[in-house]
Amino acid sequence: MHGFANPARFLRLARWMTPLLLVAGLLLAGGALVYGLFFAPADRLMGDTVRILYIHVPAAWLGMGGWTTIAVASLVELVWRHPLATIAARAAAVPGAVFTAICLATGSIWGRPTWGTWWVWDGRLTSMLVLLFLYFAYLALANAAQKDGVGAAGTGGSRVTAIFGLVGAINVPIINRSVVWWNSLHQPASITMGKSAIDPAFLWPLLIAALGFSLLFGGVVLARMRAILADFQAEARLRRRAMRSEALGQVTT
Amino acid sequence: MSEGLSHWPFVIAAYVIGVVGTLGMAGWSWIAMRRAEARRDAARGERTKGQE
């Protein structure tokens with residue numbers, strides 16, 4: 001893993017992986033959504049609204065997966081001071097926030113015809129909303145640290161952001177267990193480790209959609225890591241150039 | 001199902017939000033990456049010119 005901490009080695013890998021993940025993700029997720037919308041059977045109880053499953057569930061998994069990525073990258077940053085871990089954590093925040101927002105919006109839309117309400121303040125929905133606010137706070141903190149010039153890997157601002165990323169991870173198991181701990185309109189987990197209560201007619205397109213959206217998530221994280229890295233490199237070059245010009249000016253005067 | 005609502009407007013609204021959100025994020029990330037790398041390459045080019 002330490003081998004990939006080298007930005008040049010990372011860029012060599014990311015250059016061909018970014019388009020590959022994005023295109024494969026688009027094809028798989030697109031295919032699963034077309035199948036879900038036009039060919040998957042309707043559910044006996046939920047009717048056609050069950051088709052929302054193919055967007056809502058992968059978005060929920062990736063919303064939580066995004067913060068798990070932030071937490072793991074933050075831990076790696078704090079323990080091993082990997083420069084790329086700082087960038088990876090920041091890169092995962094935007095797709096994580098987008099998928100959390102999609103999960104909340106599609107869940108609310110699904111709730112209206114099935115529960116008779118757009119929203120309830122129960123454990124699952126509220127903890128998912130808290131996750132979205134945590135993403136906003138993380139992004140604001142990371143941007144503020146970067147603008148103040150203290151956001152580079154290993155600096156104080158970067159460490160504060162990493163600690164926030166680690167502390168915020170407490171919300172992920174709360175989301176996962178919320179339907180067990182508290183009464184909720186939301187159904188309990190249908191898929192657990194090695195077990196599924198979902199009929200294969202719904203399960204396989206769901207798994208393919210989840211794989212496709214995960215590849216898209218990976219492609220977006222790599223694209224954002226490349227953008228952040230390129231910004232750092234451009235700023236460093238311009239700063240060095242300005243310092244050199246200043247030094248030359250002092251010598252000539 | 002409550003109130004006998006038609007399901008399809010809800011299904012379509014959810015798909016539009018999911019697809020537009022995902023494609024928008026992927027497209028925006030790709031464009032931002034290309035712009036940032038072009039800016040870095042331009043900075044590299046300026047340095048090379050300055051050294052000549």
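**Exercise 1. Work out how far helix α1 of chain A reaches, where it kinks, and which of its residues are buried.**

Step 1: α1(A) covers residues 7–38, which is 32 residues, and spans 44 Å from its first C-alpha to its last, close to the expected 46 Å at 1.5 Å a residue. (The expected span is 1.5 Å times one less than the number of residues; helices are DSSP runs of H or I, at least four residues, and strands are runs of E, at least two, numbered from the N terminus.)

A quick note: this is a predicted model, where local features need pLDDT of at least 70, side-chain atom pairs count only at pLDDT 80 or more, and totals for chains, interfaces and linings use all residues. Residues are numbered from 1 along each chain as its sequence is written, while chains are lettered from A and ligands numbered from 1 in the order in which they are written.

Step 2: (Buried means 20 or more other C-beta atoms within 10 Å of a residue's own, exposed means 12 or fewer, and partly exposed is in between, with C-beta atoms placed from the backbone.)

**Exercise 2. Describe how α4 and α6 of chain A pack.**

Step 1: The axes of α4(A) (residues 123–147) and α6(A) (residues 171–181) come within 8 Å and cross at roughly 170°. (Axes are lines fitted to C-alpha atoms, for helices over the stretch in contact, and angles run from 0 to 180 degrees between N-to-C directions.)

Step 2: So the two helices, α4(A) and α6(A), are roughly antiparallel. (That takes an angle over 145 degrees.)

Step 3: Among the contact residues are A:Met128 and A:Leu131 of α4(A), plus A:Ile174 and A:Trp181 of α6(A). (In contact means C-beta atoms, placed from the backbone, within 7 Å.)

**Exercise 3. Find which helix of chain A gives the largest share of the side touching chain B.**

Step 1: In total, 37 residues of chain A are in contact with 30 of chain B.

Step 2: α7(A) supplies the largest share of chain A's side, 14 residues.

Definitions and conventions
Angles under 35 degrees count as roughly parallel, over 145 as roughly antiparallel, 65 to 115 as roughly perpendicular and the rest as oblique. Two residues are in contact if their C-beta atoms, placed from the backbone, lie within 7 Å. The bend at a residue is the angle between axes fitted to the seven residues ending there and the seven starting there.
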